[in-house]
Every structure is written in C-alpha cells, then in structure tokens.
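The following note is intended for a colleague who is meeting this structure for the first time. Please read the points alongside the sequence and the model.

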Amino acid sequence: MKIGLSLYDFYGAKRRVMPKHSLWSKTRALKEIPPLTPKIVAAGTYYDATVRMPERLVLELLMDGKRANPNAEVLNYTTGLVVEGDVIRLTAADGTSRAFRPRIVLNAGGPWIDRVNAQLGLTTKLIGGTKGSHILLDHPGVIAALKGRMIYFEADDGRICLVFDYLGRALVGSTDIRAADPDDVRCEEDEIDYFMQAIASLLPGLSFSKDQIVYAYAGIRPLPASDAANPGLISRDHSAPVIEAEGARTWPVISLVGGKWTTFRGFSEEVADVVLKRLGQPRKVSTQDLAIGGGRDYPADQPAWVAQVASETGAGQGRVKALFARYGTTARAVAKAEGSRPITLSDAPDYSLQELGWIIRNEQVVHLDDLVKRRTALSVTGVLTDASLEQAAGVAAAALNWDEARRAMEVERAREDLKSRNRLRLK
C-alpha cells in the first residue's frame, strides 16, 4: 500500500494541488473511526477529486461546447438515426428532423456504442461492459464516522468496495458484473445483500438494515470487449478506434471506448487532436485549465461574491451560498430567477419552484424524471415525495406547455421508474 500511494504522489507531483498521502497505524485508525473493524492492519489516506453531480457535469460540458461555438447544436432525446448514402438523418425530441452530411462522426455512446454504430450501418463489438451498482443509506452514524472521508476497502471475498458521504447519504458500492443491456440495468437484490454484509463487516460498531436504503442505482461501464475471466481485470484505459470511410459512407467513424471520470478530459483532448489533424485545423484552445460550467469565473473571495449576488438579486445570502455550493457561478442566474421570495417544495425545502423552472427552461428537460433524477439530487438523496413530485410536475407542465393528460403521464412514468429501478419509496 505504501508503494502504491507513493507512486500516486509521484505521478501527481508536477501539478500538485492536494496533500500527499499518509499511513495510519491500527491504533490511530480505530481512534479516528471508532466503528471500524478491529480486523484491520493499518489504513492509508490520500486525496483525490470528487464529482458530486455527474449528470450535471455532463450537461455543463455540452452547454460549454455550445457556448464555445454558436454553430453547434445540442439535441436531447434524439431518435430515428438513419444513414442514407453519406447523409445522416435523426429526429429531435420535439418531432422535428435534422439531416446533415458530416466530415467525421464521433460515437461517444458509452455502453451504447455498438448500438449506435449499428444504426450507422456498422457491425462492431467494441464494448464488453460491466455493471456497477450502488445503494444510498440514510445513516447519520456512518456520516459522522466518516467525517467527509471515503473508505475504500476489500470485502470479505476480496472484492473492492467503498463507502462515502454523498450529499448527506452513505453511498455504498460497487459491483463489477458483466452486463450487456444499459437500458435495463438495475441494482438487484443479491447485490444489495452483498453491500449490506460488506458494510456491516467493515463497521461492526454500527447497525445496518435494508430499511435505511433510500435509493439504489446501477450503470454499465463502457469497458473494451474482453475475454478476461475476472471482470475486475478488464482494462480501464481508453482508446478511439477509427472505422474509415467506405463506399457511399464518405466519413470515418471514431468510437470512444473506455475511460472514466478521472481521465475524460485528457481522453477528449486526445480525440479532438485527432479530429483537428484530419480536418487540417490547428488547436486554438487547450482544455487543461479551462473551467467547466459553474466553475467559470469562480471567485477567490466567495463571501464577497455571495454578498454581491444577494444584493443584485434580492435573495438572502444564506440562499445564495446554498445555490453557489450546488451550481457554482451559475447560481447567479438561478438566484435572479428566484428573487427574494423563493417558493420551496413542501417536502424538500432546499429546492424552490423557481429554481426548478429555471432548470427546465435552460437545461433541455424533456421528461419529469430528467428533472428529479438527473438535473437535481431530489431522487438520489431520497428526499423526493409524492407531494414534491406533483409540485415539480406542475412547474414542468407550465414551462413546457403540457396538458393535464401529459402531466399525469409524466408523473406516473417517473413514479414507476423510481420505484422499479431505484427502490425509492415515495411517501
């Protein structure tokens, strides 16, 4: 462990922004985290980045791309992708169609890469994904013991698991199971049993039960196709294989295989360099130090920024501070939409109706579950209730001109998805 953490520090030394690692003795580890199992030998600590709202990060990257190039277009819920000669046609969420003749196609479909290539008329077997499932517990005892840390540990069967404070819930994960269908993947009962046993073994000083589960979810890692017997041994490296133009298809297809959150920026820049070279264009901007979304114009003096925005918008400083923690500098626009009188959700007072309305109007919300599952943390933290869902649906209906039938359909769609896929018990 010492060698591994030392290598971690060594490779991060050039652009160090976080402290170096340290090792704790067994005595210190049990003192720092009293519920921890006494079976441990020692503990190592290190610092890493964290992503609190990955879906929002994806959205912000897309919006940044659109902002960087006014000619760019970002379409959510596109369907009907077909190829006619060298022309690609697709249908947008509003039913309008698009047709374009590309010079290069990038397939960043993640676990859907092979399916997208099939729609482009190509037969590929690039993805051999594995499923990662997680559960979130309403467990103040775990949160208090962690003190903001993540514990990355080996379960009794040798598999690697983790637990950390995720927006006030204890997130426990993750499995590594071969899976093929990203549209139907979910956290199964046997995985939940495994997590409960693993966390109870790690922290025997605390009690655990399935009643503490407020949310469960699963996804497929877009790993390269592999015959490895152990899914955990499949490479996490990334690659960008190219299928050159052929016949009537006058454009190459570059598929983005593998990668992860810690490497996505470097991977993207590598692929962009390949595209620029093929187009004969020079790189104008490096993304290495480019802020993302609400990180743009991030203030060095946060209290001063909060006070200024509060003065501009009429919002209370406490509210601006909360919005800043959630959205970064985008909080200014949200606070302006809220004004001095935010109307909060009845069972989730951290969110306001005006805030949800701003999200719907500015962040390509198409369905109600987009709002409660992907643009906000209402679902994943387990705070969403039937009453809050109905309120959110009312805001969406007004912003998107839904009639009563559409509003009722969206509520039922979201309710069923949250129950069957995420084990969320709406009250």
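How many nonpolar, polar and charged residues are there in the lining of the second largest pocket?

1. The model is predicted. In answer to the question, the lining of the second largest pocket holds eight charged residues, five polar ones and three nonpolar ones.

2. Helix H3 (54-68) and helix H11 (353-362) each contribute at least two residues to the lining of the second largest pocket. H3 provides the largest share of that lining, with seven residues.

3. As regards the chain as a whole, 14 helices and 18 strands are present. Along the principal axes, the C-alpha atoms of the chain occupy a box of roughly 70 × 55 × 45 Å.

4. Of the contacts in the chain with a separation of 6 or more, 63% join residues 24 or more positions apart.

5. Of the 427 residues in the chain, 42% are buried. The accessible surface of the chain amounts to about 22800 Å², and carbon and sulfur atoms account for 55% of that surface.

Conventions. Residues are numbered from 1 along each chain as its sequence is written. This is a predicted model: local features need pLDDT of at least 70, side-chain atom pairs count only at pLDDT 80 or more; totals for chains, interfaces and linings use all residues. Side-chain values use heavy atoms; hydrogens and water are left out. Helices (H or I, at least four residues) and strands (E, at least two) are DSSP runs, numbered from the N terminus. Ala, Val, Leu, Ile, Met, Phe, Trp, Tyr, Cys and Pro count as nonpolar, Asp, Glu, Lys and Arg as charged, and the others, Gly among them, as polar. Buried means under 20% relative accessible area, exposed over 50%, partly exposed in between (1.4 Å probe, protein chains only). Contact means heavy atoms within 4.5 Å. Accessible areas come from the Shrake-Rupley method with a 1.4 Å probe; for residues, only the protein chains shown count as cover.
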